[in-house]
Amino acid sequence: MAKATQKMSLHSRLVRSIMALSTITLLIAAISIINMVDKEGDETIASETRAWANILAKNSSRFLESDNDVSQVKLKEELKELITTPIINHIHVYRLNEDGSVEYFTSYNKNHRFPAISNKIDQISQLSTIQYQSNHLELIVKISQGQQTLGYLFIQSSLLEKQSFIRKLTYMTLAFLVLTLMLAFAISQWIFRTTTQPMVKLIDDISKISQSRNYQTQLTRQPYKELDILTKSINVLLLRTDKHVSNFVEEQKHVESKNQALENRLSARTDALKESNQELLSTLEKLHEFQDQLVETEKMASLGDMVAGIAHEVNTPIGLGVTASSLLADKLSEIKMAFDNQTLKSSQLKKFLIDSDENVAIIFRNLERAAKLISSFKKVAVDQSSAESRTFNVSGLVDEVLLTISAKIESANVNVKVNCPEELYITSKPGPINQILINLILNSIFHAFDGLDNGTITINIMNLSDQLHINYRDDGNGIDESIKAKIFDPFTTTKRGSGGSGLGMHLVYNLVTQALDGHITLEEEEERGVSFDITFPVELAASE
């Protein structure tokens with residue numbers, strides 16, 4: 001719940017406004033006066049300092065021209081007699097030698113309690129104009145005779161008297177400001193009392209009307225024009241309020257009668273809704289059972305695809321073996337007949353031996369291929385029907401899966417690229433991994449490469465931080481934008497009329513998240529095709 005905004009009283013607003021306006025006006029005036037006095041004081045002291053510097057420089061020129069040893073002492077005494085102003089703190093006189101060097105000649109201090117200062121010879125050019133410091137200002141002027149420069153005079157004047165005057169002026173201004181604010185406060189209180197008495201009476205009358213709820217009462221006229229207009233408006237509002245209250249009471253009675261009828265209808269519909277909800281819950285339970293059956297059917301469908309592929313793959317080497325064995329039997333019958341008739345030739349026997357070697361080799365290769373296919377199928381089928389954990393080689397598991405559905409891959413003209421470390425052994429559940437890879441590959445063949453002449457599937461597998469990372473990617477048609485957000489939901493398919501059940505990706509999602517306790521995400525920024533990232537925890541095992 002929002003906190004109520006604190007209201008400011010009219011009294012506070014009036015007093016604060018008058019006090020703030022008075023304070024701002026007086027502060028601006030005081031600051032302007034103090035700044036003006038400060039500036040004028042600086043200019044006055046600077047002008048007086050410049051005049052004293054010129055007078056003292058003119059009087060010092062004859063002492064600098066003299067080679068008398070006592071000229072320094074005489075000049076010092078001369079300076080003490082000439083300087084009658086209290087603003088001068090220090091005087092230094094420097095003599096310019098014929099070789100252009102400048103040396104200290106004599107000085108003047110305000111009194112013996114004033115500490116001496118270092119010479120300013122190295123600041124002659126800088127102090128040719130007045131420089132202000134915190135408590136004083138400094139200036140250096142030339143001491144010349146005609147067109148000849150004899151030396152330089154350094155003068156330091158005090159700003160303390162001006163600063164003391166500014167402080168006194170500030171204190172006086174502050175005192176005047178306080179007195180003025182007190183007067184402004186008293187005036188604002190008087191104005192508030194004289195103008196708010198009718199308002200207080202008006203507030204009391206409105207409070208009484210609110211408590212009694214007698215909206216037919218009319219407020220009395222007010223002495224001020226604005227309040228009188230407000231009073232008239234409130235009287236009109238009271239009359240209208242009384243009318244609305246009467247109408248509201250009548251409407252309330254009408255609404256209560258309607259509410260009673262509505263409650264009766266709602267009670268009846270609630271009972272009907274309870275019956276409908278019970279039927280809906282029963283239907284949902286049956287739907288979940290049916291969905292589980294469909295998921296199991298999807299698993300068996302993928303196993304059926306593998307069986308059909310293996311049957312096709314096994315028939316080829318067995319057929320070649322049967323053909324080679326039949327040919328070998330025919331050749332053997334010919335040799336036996338020739339041997340019985342004693343017409344067997346050495347060339348005929350030699351040719352029979354060569355053909356026999358080739359046929360035996362053909363029979364051996366094809367029987368070995370059939371045995372390998374059947375062995376791979378047995379491993380994949382056993383893994384699919386078992387959710388037990390065991391240690392296995394990931395690369396070998398992927399090869400067995402690809403071998404069992406090689407017929408589907410070849411018929412669709414799909415190239416499968418697998419990037420997986422050869423010596424990656426893990427302890428996990430191979431059955432769910434088999435089903436995941438088979439469903440993803442068959443889903444790509446059935447959906448992604450539909451209408452394409454060829455395609456590429458890339459499977460990248462790595463182990464990182466006790467997690468097996470599988471990135472499955474194809475360059476097919478991609479996923480329609482309308483179903484991207486619900487790709488893992490059951491019964492989501494774009495081929496419902498072409499044999500698609502919409503449970504393939506839902507089965508993959510369940511296997512990853514439930515059987516393997518992992519995560520699967522769809523990368524949506526792919527320009528072409530589709531990409532899935534699958535991660536689940538595994539235990540890294542030593543190479544067997």
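The model is predicted, so local features need pLDDT of at least 70 and side-chain atom pairs count only at pLDDT 80 or more, while totals for chains, interfaces and linings use all residues. Residues are numbered from 1 along each chain as its sequence is written, and side-chain values use heavy atoms, with hydrogens and water left out.

**Whole chain**
- The chain has 9 helices and 13 strands (DSSP runs numbered from the N terminus: helices are H or I of at least four residues, strands are E of at least two).
- Of its 544 residues, 35% count as buried (under 20% relative accessible area, with exposed over 50% and partly exposed in between; 1.4 Å probe, protein chains only).
- Residues at least 24 apart account for 68% of the contacts between residues at least 6 apart in sequence (contact means heavy atoms within 4.5 Å).
- Carbon and sulfur atoms hold 56% of an accessible surface of about 34,500 Å² (Shrake-Rupley method, 1.4 Å probe; for residues, only the protein chains shown count as cover).

- Strand 1 (residues 88–96) pairs with strand 2 (residues 102–109) in the antiparallel sense over 7 bridges (pairing requires at least two DSSP bridges between two strands).
- H92 has S107 in strand 2 as its bridge partner.
- The two strands form a hairpin with 5 residues between them, and G100 in the turn has a positive phi of about 90°.

**Residue T535**
- T535 lies in strand 12 (residues 530–537).
- T535 counts as buried because its relative accessibility is 19%.
- Leaving aside residues up to four places away in sequence, T535 touches Q467, L468, H469, V512, G518 and H519.
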